[in-house]
Amino acid sequence: MTLKIEKDWDGQKKIIRLSGRLRSEHLDELKTQMDGDPSWIVLDLDGVTLVDVEAVRFLNTCEKSGTELLHCCPYIREWITREKAREA
């Protein structure tokens with residue numbers, strides 16, 4: 001399965017729902033879809049089943065810049081936390 005990207009607007013924030021496998025080859029397209037102020041963007045990761053290290057680093061950077069991560073499964077959250085610690 002590849003990555004599916006759906007966009008929505010809740011009146012305040014752009015919600016980008018992801019489902020499938022988020023891998024490094026999808027990041028350019030995702031960045032294009034995320035155009036705008038990062039604090040107005042929500043990434044809903046409820047349907048994400050697999051990530052690679054580059055995707056985790058991208059999500060870490062997004063969160064640092066103000067993008068909200070929703071429904072981040074525990075293994076992805078743990079990996080992001082480890083990447084933050086590695087950077088420190």
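This is a short tour of the structure above, stop by stop, with a note on what to select at each.

Before you start, note that this is a predicted model, in which local features need pLDDT of at least 70 and side-chain atom pairs count only at pLDDT 80 or more, while totals for chains, interfaces and linings use all residues. Residues are numbered from 1 along each chain as its sequence is written, and side-chain values use heavy atoms, with hydrogens and water left out.

**Whole chain**

Begin with the cartoon view. Trace the chain from the N terminus and the elements come in the order β-β-α-β-α-β-α. The radius of gyration is 12 Å, close to the 12 Å that the globule rule gives for 88 residues, so the protein is as compact as a globular protein of that length. That radius is taken over C-alpha atoms, and the rule is 2.2 Å times the number of residues to the power 0.38. Along the principal axes, the C-alpha atoms fill a box of roughly 35 × 30 × 20 Å.

Now colour by accessibility. Buried residues make up 35% of the 88 (buried is under 20% relative accessible area, exposed over 50%, partly exposed in between, with a 1.4 Å probe and protein chains only). Of the contacts between residues at least 6 apart in sequence, 60% join residues at least 24 apart; a contact means heavy atoms within 4.5 Å.

**Select K14**

K14 sits in strand β2, residues 14–22. What is the nearest side chain of opposite charge to this buried lysine? It is D35, 6.0 Å away, and K14 has no salt bridge (a side-chain nitrogen of Lys or Arg within 4 Å of a carboxyl oxygen of Asp or Glu). Show backbone atoms too: the K14 side chain reaches the backbone oxygen of D35 at 2.9 Å, and one of its polar atoms lies 3.1 Å from the backbone oxygen of Q33. Beyond its neighbours within four places in sequence, K14 is in contact with residues including W9, M34, W40 and V42.

**Select the salt bridges**

Side chains of opposite charge can pair when their charged atoms come close. The count here comes to twelve salt bridges.

- Pick D44 and R17, whose closest N and O atoms are 4.0 Å apart. D44 lies in strand β3 (residues 41–51) and R17 in strand β2, so the pair ties together parts that are 27 residues apart in sequence. D44 is buried at 9% relative accessibility, whereas R17 is partly exposed at 32%.
- Move to E25 and R23, which meet at 3.7 Å, N to O. E25 is exposed at 52% and R23 partly exposed at 34%.
- Then take E83 and R57, with closest N and O atoms 3.1 Å apart. E83 belongs to helix α3 (residues 74–87) and R57 to helix α2 (residues 53–64), 26 residues apart. E83 is buried at 7%, while R57 is partly exposed at 31%.

**Select the cysteines**

How many disulfides are there? The count comes to zero, a disulfide being a pair of cysteine sulfur atoms within 2.5 Å. From C62, the nearest cysteine sulfur is that of C72, 11 Å away; C62 is buried at 6%. C73 also has the sulfur of C72 as its nearest, at 5.9 Å, and C73 is partly exposed at 22%.

Technical notes
Helix = DSSP H or I, 4+ residues; strand = E, 2+ residues; numbered from the N terminus. Lys, Arg positive; Asp, Glu negative; His and termini not counted. Polar contact = N/O pair within 3.5 Å; in protein donor to acceptor, adjacent residues only side chain to side chain.
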